[in-house]
Amino acid sequence: MSALELLRAPARQSSALTETAHRPWPLPSGSWLTGQTWEDVLFAHWPVEAYAVRRLLPPQLTVDEHDGSAWLGVTPFELTGFRLRGTLPLPVVSSFPVMNVRTYVTAEGKPGTWLFSLDTPSLVAVEAARRVFKLPAFQARVSLEHDAARIECSAARREGMRPFVFEAEYDGAGDPFAPEPGTLEHFLTERYCVYTADASRIFRTEIHRLPWHIRPAEASIDLNTMPPDGLELQGEPLCHLAGRQDVVIWPLERISRR
């Protein structure tokens, strides 16, 4: 991100709060904590057995299903403009690639996202994700390289006895569209909170952004061992690509004990 874009990011992130009619519930009370911008977001999704996902989650969370399946997403993107509320993004440390592995859950009537892992080269981001948001964050090698219209993604981390690796190339293959409520694309993308847990408690982090505009993507995935143990991926993924999304995020709130 250029120096000029760094200066523009706070205004864009804050301006997202002027449009709220699309939200499934009102904005949270209190002040948001961090601003972020997500760029070149790949949504690669596979249907998975709901019972297999359920075994990996706290019992207070309901696994969301669509078309009779739970879904697992592998979502690499470039995070830019990272900042605390009231501050400007700092050069170098405010931009870094991220790889998320996620599924979809509901608690207390609020559908959201559960992250199995968050990988990034940024040690600052890893520590913030762990300490502030209690996310399963890991320092890893992640890169996103642009070659004309295509993006080359590479991610690698070793944890325990096995590596977690993702190697892929992808690009857009259609016109952008806003997913309609009730569709699979809406189910997979229009989420406004993230759930996480520690040893004894369940938490929710509220987020806000404008509605996604995504387009179909063509992806060549050479290697993918990112899913957690116990989940089997079969067949080709459903892939979409999105451009820039400006986001604000609230502090954690505890919703129940485990």
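Between which helix and which strand is the loop that holds R191?

1. R191 sits in the loop that runs from helix 4 (184-189) to strand 11. The model is predicted, and the values in these points are computed from it.

2. Is R191 buried or exposed? Its relative accessibility is 6%, under the 20% limit, so R191 counts as buried. Two backbone oxygens accompany its side chain: that of F187 is 3.0 Å from a side-chain polar atom of R191, and that of G112 is 3.1 Å from a side-chain polar atom of R191.

3. Leaving aside neighbours within four places in sequence, the contacts of R191 are D64, Y104, V105, P111, G112, T113, I207 and R209.

4. D64 counts as buried because its relative accessibility is 11%, against a limit of 20%. The side chains of D64 and T106 form a polar contact at 2.8 Å.

5. Not counting residues up to four places away in sequence, D64 touches S69, A70, Y104, V105, T106, P111, F187 and R191.

6. How many cavities of 30 Å³ or more does the structure hold? There is one, and the largest cavity contains about 520 Å³ of space. Its lining is made up of 29 residues, with Q36, W38, N100, L118 and I249 nearest the centre.

7. Several elements give two or more residues to that lining: strand 1 (34-39), strand 2 (41-48), strand 4, strand 5 (96-107), strand 6 (110-120), helix 3 (123-133), strand 11 (193-197) and strand 12 (201-208). By class, 20 lining residues are nonpolar, six are polar and three are charged.

8. The largest nonpolar core has 41 residues, and the members that touch the most others are V53, W114, F116, F166, Y170 and Y195. Beyond four places in sequence, V53 touches V48, V63, A70, T103, F116 and L231. A70 is also touched by D64.

Methods. Residues numbered from 1 in each chain as written. Predicted model: local features only at pLDDT ≥ 70, side-chain atom pairs only at ≥ 80, totals over all residues. Heavy atoms only, no water. Core = buried A, V, L, I, M, F, W, Y, C linked by side-chain atoms within 4.5 Å. Buried < 20%, exposed > 50% of the residue type's maximum accessible area, 1.4 Å probe, protein only. Contact = heavy atoms within 4.5 Å. Polar contact = N/O pair within 3.5 Å; in protein donor to acceptor, adjacent residues only side chain to side chain. 1 Å grid on protein atoms, 1.4 Å probe; cavity = no way out; pocket = protein on both sides within 12 Å on 5 of 7 lines; lining within 4 Å. Points joined across faces, edges and corners; volume = space filled by probe spheres on them. Helix = DSSP H or I, 4+ residues; strand = E, 2+ residues; numbered from the N terminus. Nonpolar A, V, L, I, M, F, W, Y, C, P; charged D, E, K, R; others polar.
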